[in-house]
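Okay, thanks for coming, everyone.

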Amino acid sequence: MSTARKRSQRLETMGTLAAGLAHEIKNPLSTMSVNLQLLAEDFAQARTPVELRTLKRARLLLGEVRRLDQTVNDFLKLVRGHELHSEPLDLELLLTDMLRFVEAENAQLGIRTRFSPDPDARMVHADPSFLRMALMNLIGNAQHAMAGAGGELLVATRGREHDVEVSVTDTGPGIPPDLHEKVFQPWFSTRQGGTGLGLPMARRIIEELGGEMRLLSEVGRGTRFTATVPRAPRQLTGGAGGDAPRAHDGSGGSAHPAAGPGAGPRTEPAA
Ligand SMILES: Nc1ncnc2c1ncn2[C@@H]1O[C@H](COP(=O)(O)OP(=O)(O)O)[C@@H](O)[C@H]1O
Ligand SMILES: [Mg+2]
């Protein structure tokens with residue numbers, strides 16, 4: 001059995017056990033969140049030192065409750081069996097849309113963005129929402145890596161015989177070689193407020209879509225994550241650019257339920 005398959009099966013078992021527990025945690029968290037909000041509102045006009053302290057503590061607790069809820073959500077995304085609906089998908093359009101989404105944030109962080117799509121590798125076969133979620137995690141990580149000093153984000157595609165490589169490259173601090181496997185393990189995070197679930201989830205999605213994820217990094221120079229995505233079936237025989245690019249946003253007649261103007265998950269996953 002392949003390593004990817006074994007990993008996938010292990011996660012499946014974990015998922016069955018964990019999904020119930022996660023829901024048990026989410027309900028009381030929601031009660032806590034609502035009541036902490038009410039408490040903070042009651043003390044919104046705080047004047048005395050005791051009142052001010054109470055307000056500060058309520059807000060702190062609210063922040064922690066929200067973070068815990070985010071962790072549970074990310075965990076559920078990771079362990080839950082995904083229902084993938086792959087379809088012919090215009091990768092260039094998807095990436096253009098994603099980069100537009102982070103444009104303003106990148107400008108604020110001092111990150112220059114470059115996009116280098118391979119014109120002969122537009123059409124892939126993938127689930128738009130899940131592919132977006134996986135790639136958004138890579139872009140989010142690149143942003144975090146460059147958040148302090150700025151830098152350059154390069155998103156590129158390159159067509160190969162049966163698949164398309166999508167790479168996300170940053171000029172951040174890089175990842176030391178001894179951590180190259182670790183970063184894909186659940187809960188590993190060096191980031192303040194990070195869950196350590198972004199990369200394992202992204203890798204799992206890419207593998208379930210029939211591709212693989214690779215990491216190339218050099219400390220002090222930057223990091224490149226590469227995900228491979230299968231080409232759309234027709235392109236395997238019809239050659240590059242054989243079919244008209246079809247929008248992933250439903251305008252091209254896509255029957256994908258999650259599709260709609262500005263398709264993709266409504267809430268971006270925490271990366
Ligand atoms: N582009 C990157 N540059 C440097 N380090 C990275 C990059 N992407 C991921 N990492 C490292 O991998 C860890 C795990 O990433 P991830 O699974 O997305 O969790 P999180 O973002 O919540 O920390 C990060 O905390 C960071 O240490
Ligand atoms: Mg992340």
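This is a predicted model: local features need pLDDT of at least 70, side-chain atom pairs count only at pLDDT 80 or more; totals for chains, interfaces and linings use all residues.

Let me step back for the overview. The chain has 271 residues, and 31% of them count as buried. It holds six helices and seven strands. If you read from the N terminus, the order is α-α-β-α-β-β-α-β-β-α-β-β-α. Now take the contacts between residues at least 6 apart in sequence: 75% of those join residues at least 24 apart.

Which helices pack against it? I'll talk about two, helix 2 and helix 4. For those of you new to this, two packed helices are described by the angle between their axes and the distance between the axes.

Helix 2 covers residues 49–79 and helix 5 covers residues 198–208; their axes come within 9 Å and cross at roughly 25°. Angles under 35 degrees count as roughly parallel, and helix 2 and helix 5 are therefore roughly parallel to each other. The crossing of helix 2 past helix 5 is left-handed. On the helix 2 side, the contact is made by Asp74, Lys77 and Leu78, and on the helix 5 side by Pro200, Met201 and Arg204. If you sort the residues of that contact, you get three nonpolar, three charged and no polar ones.

Let me pick out Leu78, which sits in helix 2. Is Leu78 buried or exposed? Leu78 counts as buried, because it has 23 C-beta neighbours inside 10 Å, and the cut-off for buried is 20 or more. Beyond its neighbours within four places in sequence, Leu78 is in contact with Pro186, Leu197, Pro200, Met201 and Arg204. Leu78 and Arg203 are 125 residues apart in sequence, yet their C-alpha atoms are 9.8 Å apart in space.

Thr71 also lies in helix 2. Thr71 has 19 C-beta neighbours inside 10 Å, so it counts as partly exposed.

Helix 4 and helix 5 pack with their axes 9 Å apart, at an angle of about 145°. Helix 4 passes helix 5 in a left-handed crossing. Here Phe130, Met133, Ala134, Asn137, Leu138, Gly140 and Asn141 of helix 4 meet Gly198, Leu199, Met201, Ala202, Ile205 and Ile206 of helix 5. By class, this contact has nine nonpolar residues, four polar and no charged ones.

Helix 4 has another neighbour, helix 3, which spans residues 91–109; these two pack at an angle of about 20°, with their axes 11 Å apart. That makes helix 3 roughly parallel to helix 4. The crossing of helix 3 and helix 4 is right-handed. The residues that meet include Leu94, Met98 and Val102 from helix 3, and Leu131, Leu135 and Ile139 from helix 4. The contact of helix 3 with helix 4 divides into 10 nonpolar, two polar and two charged residues.

On to the ligand. Which residues come nearest to ligand 1? Of the 20 residues around ligand 1, Asn141, Ser189, Gly194, Gly198 and Leu199 come nearest. The elements that give two or more residues to this shell are helix 4, residues 128–146, and helix 5. Helix 4 gives the most, with four residues. Sorted by class, the shell around ligand 1 has eight nonpolar, 10 polar and two charged residues.

Trp187 is in the loop between strand 5, residues 163–170, and helix 5. Trp187 isn't a glycine, but it has a positive phi of about 80°. Trp187 is exposed, with 11 other C-beta atoms within 10 Å. Then, just after helix 5, Gly210 takes a positive phi of about 95°.

Conventions. Residues are numbered from 1 along each chain as its sequence is written. Chains are lettered from A and ligands numbered from 1 in the order in which they are written. A residue is buried if 20 or more other C-beta atoms lie within 10 Å of its own, exposed if 12 or fewer, and partly exposed in between; C-beta atoms are placed from the backbone. Two residues are in contact if their C-beta atoms, placed from the backbone, lie within 7 Å. Axes are lines fitted to C-alpha atoms, for helices over the stretch in contact, and angles run from 0 to 180 degrees between N-to-C directions. Angles under 35 degrees count as roughly parallel, over 145 as roughly antiparallel, 65 to 115 as roughly perpendicular and the rest as oblique. A crossing is left-handed if the near helix is turned anticlockwise from the far one by less than a right angle, and right-handed if clockwise. Ala, Val, Leu, Ile, Met, Phe, Trp, Tyr, Cys and Pro count as nonpolar, Asp, Glu, Lys and Arg as charged, and the others, Gly among them, as polar. A residue is near a molecule or strand if its C-beta atom, placed from the backbone, lies within 6 Å of it.
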